[in-house]
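Please read it with the coordinates open.

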Amino acid sequence: MLLEFEQPIIELEGKLAEMKQLAESSRVDVTEDVKSLERKILRLKEETYKNLTRWQRVQLSRHPERPYTLDYFYNITDDFVELHGDRTVKDDKAMVGGFGTIGGQTVMLVGQQKGRNTKQRQMRNFGMANPEGYRKALRLFKMAEKFNKPIVTLIDTPGAYPGLEAEERGQGEAIARNIKEMFMLKVPVICIIIGEGASGGALGIAVGDKVLMLENTWYSVISPESCSSILWRSWDYKEQAAEALKLTATDMLGFGLIDGIIEEPLGGAHRDPDWMYETLKNRILKELKPLMKQSAEERINNRIEKFANMGEVVE
Amino acid sequence: MSWFQRKVKGITTPTEEKKDAPDGLWFKTPGGTIVHTRELKNNAYVSPEDGFHVRIGSKEYFEILFDGNKFTELDANMSSGDPLKFVDSKPYPKRIAATQESTRLKDAVRTAHGKMNGLDLVVACMDFAFIGGSMGSVVGEKISRAIDHALKTKTPFLMISKSGGARMMEAGYSLMQMAKTSAKLALLSEAKVPYISLLTDPTTGGVTASYAMLGDFNIAEPGALIGFAGPRVIRDTVGKDLPKGFQSAEFVLEHGFLDFIVDRRDLKNQLTTLLKMLKD
């Protein structure tokens, strides 16, 4: 899939391919031209991706080729065992989790899962979990605590599912309980936004000692589209809404609402997934180290303290 | 020629001397009953005939709950910042100023402590009139400090929710208020201080998905709309009409997320009975 602002890059890349082909068939020496064009493309890419508008970042965060939660789980671990079910209603396919080993350390991995094609998207409910998804996550968190293993959550959701049954089974209660319980978890918790971080649906698994965002992701109280429809009473102001919401990783770090940003390859995580997996894995291990040295009490106090300080009021 | 001849000229009262029934003297419930507002006030703002619970704010709840309407308000002057420099149809600070002017409230929650039937109680009560009772930094901070006060003094905490959810104009900050208030409630819970959450019409969105659903006792007023997603959003998502009574307090009770529904006229005494049981 091609995003509008990537068009000039693709055009140049097309030209480069042509030139290389020409060189092969005609044996004209174009080495210099190729090099110059390659430099030009790199410059253009750097320019483009450095100066993305907030809405363009939102588009990148939703790129259908981006690595999803299970891609990370399988690629950052040596072993991964998926665990299913909330033990009450069913197994929510939009919320996945299980034990995995990262660099010799066993961790509990939990996150929202999107689908790649129509069938999968339906099965995964577009990454929108139901209450049983949040309860499944909580069950796994508690199990991690029981066996004293740190928790890593990956967040990628357009929101908790706003459905009929979701309301019947207490979507609000499920999310609220997770948020509260996560504060009291005795083990280290690292939360990483890898795509979309929409509202309570994201926060329901995003209370941690370290909350990090990948470079091209967003995290806010509402999606730009819904914000546009409510405040501007039309779906057409999503660009303005994205600007107003200040929902990018840089914004959120600037506000002190997250703890750090994880760099992505030029053009987004999907341009070099292997690099991305390696980077994410190393970052998790790096963040875990100091956390594992703290006592459970210290971690819980710091966790509460951190979130308690969020907000800006005038007195 | 008309049959009757007017001897005196028709209406002679000048406009400024005309006696008009003042606005808001009578209240019409959705069921069609008409009640005098004085009668309504004496009846805890519940229509005596059909039991309809009129939406009221912190002023009225404090009046109903605190003995002799005596209470100490906490953080009465806290008001909103504008960390995002948010502008939609108008800049956020202007919206705040205009709302403060029209509602004479500082933000969407007021917190206080006082006595209820002689028992100490900390109350946080939301005001829907203030930007739909939306939760921004002020709401989060005031509730957090009220919980701090409850923790310090080991006083039971009552939260009266009435909100459309998060305040979009504070975006990320607004979201984190869900985390912040829940963190404080976790501490309150550890300290074994009772927390009663009263959900009133309407309680939706981020408020439902945080403090409103975290009570030791979750209770609600009859007929209140309670849900995570709003009914319009759900209808658009599932593409069919919602069943009658969907997301009403009675529906939420039936599905196991409320302890009981309480008539506002019995609220004070019911809360007292419950808190007394926990005392020794």
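Predicted model: local features only at pLDDT ≥ 70, side-chain atom pairs only at ≥ 80, totals over all residues.

1. A search of the whole structure finds one cavity of 30 Å³ or more. The volume of this largest cavity is about 100 Å³.

2. Which residues sit closest to the cavity centre? Of the 16 lining residues, they are A:Glu167, B:Met213, B:Ile226, B:Gly227 and B:Val252. Helices H7 (164–168) and H8 (171–183) of chain A and helix H7 (249–254) of chain B each give two or more residues to the lining. H8(A) gives the most, with three. By class, the lining has six nonpolar, seven polar and three charged residues.

3. Over all chains there are 34 salt bridges. One of them joins the side chains of A:Arg66 and A:Glu264 at 2.8 Å, N to O. The pair links distant parts of the chain, 198 residues apart. A:Arg66 lies in the loop between H3 and H4 of chain A, and A:Glu264 in the loop between S8 and H13 of chain A. Both residues are buried.

4. A:Arg177 and A:Glu181 form a salt bridge at 3.8 Å, N to O. Both lie in helix H8 of chain A, four residues apart, about one turn of the helix. A:Arg177 has 31% relative accessibility, so it counts as partly exposed.

5. A:Asp259 meets A:Lys306 in a salt bridge at 2.7 Å, N to O. These two are 47 residues apart, with A:Lys306 in helix H14 of chain A. Is A:Lys306 buried or exposed? At 19% relative accessible area, A:Lys306 is buried. A:Asp259, at 30%, is partly exposed.

6. Salt bridges with shared partners join A:Arg62, A:Lys114, A:Asp156, A:Glu196 and A:Glu225 into one network.

How values were computed. Residues numbered from 1 in each chain as written. Chains lettered and ligands numbered in written order. Heavy atoms only, no water. 1 Å grid on protein atoms, 1.4 Å probe; cavity = no way out; pocket = protein on both sides within 12 Å on 5 of 7 lines; lining within 4 Å. Points joined across faces, edges and corners; volume = space filled by probe spheres on them. Nonpolar A, V, L, I, M, F, W, Y, C, P; charged D, E, K, R; others polar. Salt bridge = Lys/Arg side-chain N within 4 Å of Asp/Glu carboxyl O. Buried < 20%, exposed > 50% of the residue type's maximum accessible area, 1.4 Å probe, protein only.
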